[in-house]
Amino acid sequence: MSQIPVELVKILIALVAVAAFVGLNGLVLVYLERKVAGHIQRRPGPFEVGPHGLLQPLADAVKLIGKQLFTPKNADGFLFWLAPILSFMPVLLLFLPLPFGPKLTGMNLNLGLLLILAFSGLNVLATCLAGWGSNNKYGILGAARAVSQSVAYEIPLLLSVLAIAFQTGSLNLSEVVAGQGSWPWQWNFMVQPLAFIIFFVSALGETNRAPFDLAEAESELTAGFHTEYSGMGFGMFFLAEYANMIVVCSVAVALFLGGWNGPFFDGAWWFLAKVYVLLLVMIWLRWTFPRVRFDQLLNLNWKWLMPLALLNLLITAFVTKLS
C-alpha cells in the first residue's frame with residue numbers, strides 16, 4: 001500500500017485550519033460590523049442575545065442553516081446552486097500562501113502572490129453564474145455590474161502589486177515580509193505609499209464593499225446577484241465576502257505593512273492586529289460614505305487609479321533598473 005505524501009497531508013490539515021479560521025472570523029466580523037454600525041448610527045447594535053449581543057451572530061448562523069433551500073421557478077438549478085459553492089470554495093485556497101507568522105504558512109510557494117490573484121478571479125465567475133442562473137432581472141443586472149466592476153478594478157490592483165514585486169524581486173509573500181523591518185519606517189508602505197492607496201481602494205471595488213457595492217445596491221436592485229438566494233445559499237456568499245475581505249487585508253499587510261514584524265515580539269499577533277485595523281477601516285467606510293453612482297465608480301478607476309498605478313509602476317521599474 002503506497003504511503004500518503006506528507007505534503008498532501010499538510011495541505012489537508014492547512015485547509016481544515018483555514019476553514020475553521022474563516023468560520024470563526026465570519027462570526028467575529030458580523031458582530032464587529034453590527035456594533036460599529038450601531039456606534040456610528042448612535043444606537044447600541046446587537047444587545048439581546050447573550051451578554052452585549054455576543055451570541056447574536058451564532059443565532060443568525062443557526063437561523064441561516066435551518067432555513068429551507070428554495071430554487072426559483074424557471075431558474076437553471078445547476079448553475080443556481082453551483083454559484084455559491086464556486087464563490088466560497090476557492091477562497092480557502094487563497095489563505096494557503098499567506099504568511100501569518102515566521103513559521104505559520106499553509107504553503108510556502110514561490111508564486112504565492114500569483115496563486116492568490118489567479119484563484120480570486122473565480123469569484124467573478126460565481127457572481128455571473130448567480131445572476132444568470134437566477135432568471136431574475138435584478139440578479140442579471142447585479143451580475144453585469146459586478147463583472148464590469150471587478151474586471152475594471154483588477155487592473156490597478158494588479159499594477160500596484162507588480163510595483164512591490166519589481167521592488168522586492170519576489171512573488172513569495174514570506175520573502176516580501178522578511179525583507180521588511182520591525183519599525184513602520186522600514187515597511188514597504190513608506191517607499192510605495194501610492195501603490196498602497198491604489199491597492200486598498202481597488203480592494204474595496206473587488207470585494208463589492210460600500211461605497212462601491214453597486215452589485216448589490218439594495219435601493220436599486222433589491223440585493224443584486226443574490227436576490228433569489230436564501231438559507232445557506234445566501235450564507236455562502238456572505239461568508240465568501242468576509243473571507244475575501246480578510247484575504248485582501250492580509251495581502252496588504254504582507255506587501256506594505258511589514259507582515260508579522262512589529263516593534264517587539266514579532267509574530268502572528270502583529271499580522272492579525274494589522275489585518276483587523278484594515279478591516280475596521282473597511283467597515284467604517286461602509287457606514288460613513290454614501291454609495292457612488294456607477295459612472296462615478298468607473299470614472300474613478302479609468303481616469304485616476306489606472307493612470308496613477310501605471311505611472312507608479314513605470315517609476316518603480318526605472319528606479320529598480322538604475323539601482
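Two residues are in contact, or touch, when heavy atoms lie within 4.5 Å. Keep that cut-off at hand for the whole tour.

**Before you click**

What you have open is a predicted model, in which local features need pLDDT of at least 70, side-chain atom pairs count only at pLDDT 80 or more, and totals for chains, interfaces and linings use all residues. Residues are numbered from 1 along each chain as its sequence is written, and side-chain values use heavy atoms, with hydrogens and water left out.

**Stop 1: the whole chain**

Start zoomed out, in cartoon. The C-alpha atoms fill a box of roughly 60 × 55 × 50 Å along the principal axes. How does the radius of gyration fit a compact globule? It agrees, because a compact globule of 323 residues would come out near 20 Å and the protein chain has 20 Å. That radius is taken over C-alpha atoms, and the globule rule is 2.2 Å times the number of residues to the power 0.38.

Next, show the surface. It comes to about 16200 Å² of accessible area, 72% of it belonging to carbon and sulfur atoms (Shrake-Rupley method, 1.4 Å probe; for residues, only the protein chains shown count as cover). Buried residues make up 47% of the 323, where buried means under 20% relative accessible area, exposed over 50%, and partly exposed in between (1.4 Å probe, protein chains only).

**Stop 2: Phe294**

Select Phe294, in helix α13 (residues 294-322). At 23% relative accessibility, Phe294 counts as partly exposed. Which residues does Phe294 touch, not counting those up to four places away in sequence? Look for Arg145, Ser148 and Leu214.

**Stop 3: Phe166**

Stay with phenylalanine and move to Phe166, which sits in helix α6. Phe166 is partly exposed, since its relative accessibility is 38%. Leaving aside neighbours within four places in sequence, its contacts are Leu313, Thr316, Ala317 and Thr320. For a contrasting distance, pick Pro102: it is 64 residues from Phe166 in sequence and 23 Å away in space, C-alpha to C-alpha.

**Stop 4: Asn136**

Go to the loop between α5 (122-134) and α6 (137-168), where you will find Asn136. Is Asn136 buried or exposed? Asn136 counts as buried because its relative accessibility is 13%. Show its side chain: one of its polar atoms lies 3.0 Å from the backbone nitrogen of Gly139. Beyond the neighbours within four places in sequence, Asn136 is in contact with Gly131, Thr227 and Glu228.

**Stop 5**

Select Glu241 in helix α11 (residues 231-256). With 18% relative accessibility, Glu241 counts as buried. Setting aside residues up to four places away, Glu241 touches Thr207, Arg209 and Glu216.

Then jump to Glu218, in helix α10 (residues 218-221). Glu218 is partly exposed, at 43% relative accessibility. With residues up to four places away left out, Glu218 touches Asp213 and Arg291. Lys303 is another matter: it lies 85 residues from Glu218 in sequence and 27 Å away in space, C-alpha to C-alpha.

While charges are on your mind, colour them across the chain. There are 18 positive and 16 negative side chains, and the centres of the two sets lie 4 Å apart. Lys and Arg count as positive and Asp and Glu as negative, while His and the chain ends are not counted; each charge is placed at NZ of Lys, CZ of Arg, CG of Asp or CD of Glu.

**Stop 6: two loops with positive phi**

Finish with backbone angles. Which loop holds His52? The one between α1 (6-40) and α2 (56-66). Phi of His52 is near 55 degrees, a positive value in a residue other than glycine, and His52 counts as exposed at 51% relative accessibility.

Last, select Phe265, in the loop between α11 and α12 (268-288). Here phi is near 50 degrees, again positive in a residue other than glycine. Phe265 is exposed, with a relative accessible area of 66%.

Definitions and conventions
Helix = DSSP H or I, 4+ residues; strand = E, 2+ residues; numbered from the N terminus. Polar contact = N/O pair within 3.5 Å; in protein donor to acceptor, adjacent residues only side chain to side chain.
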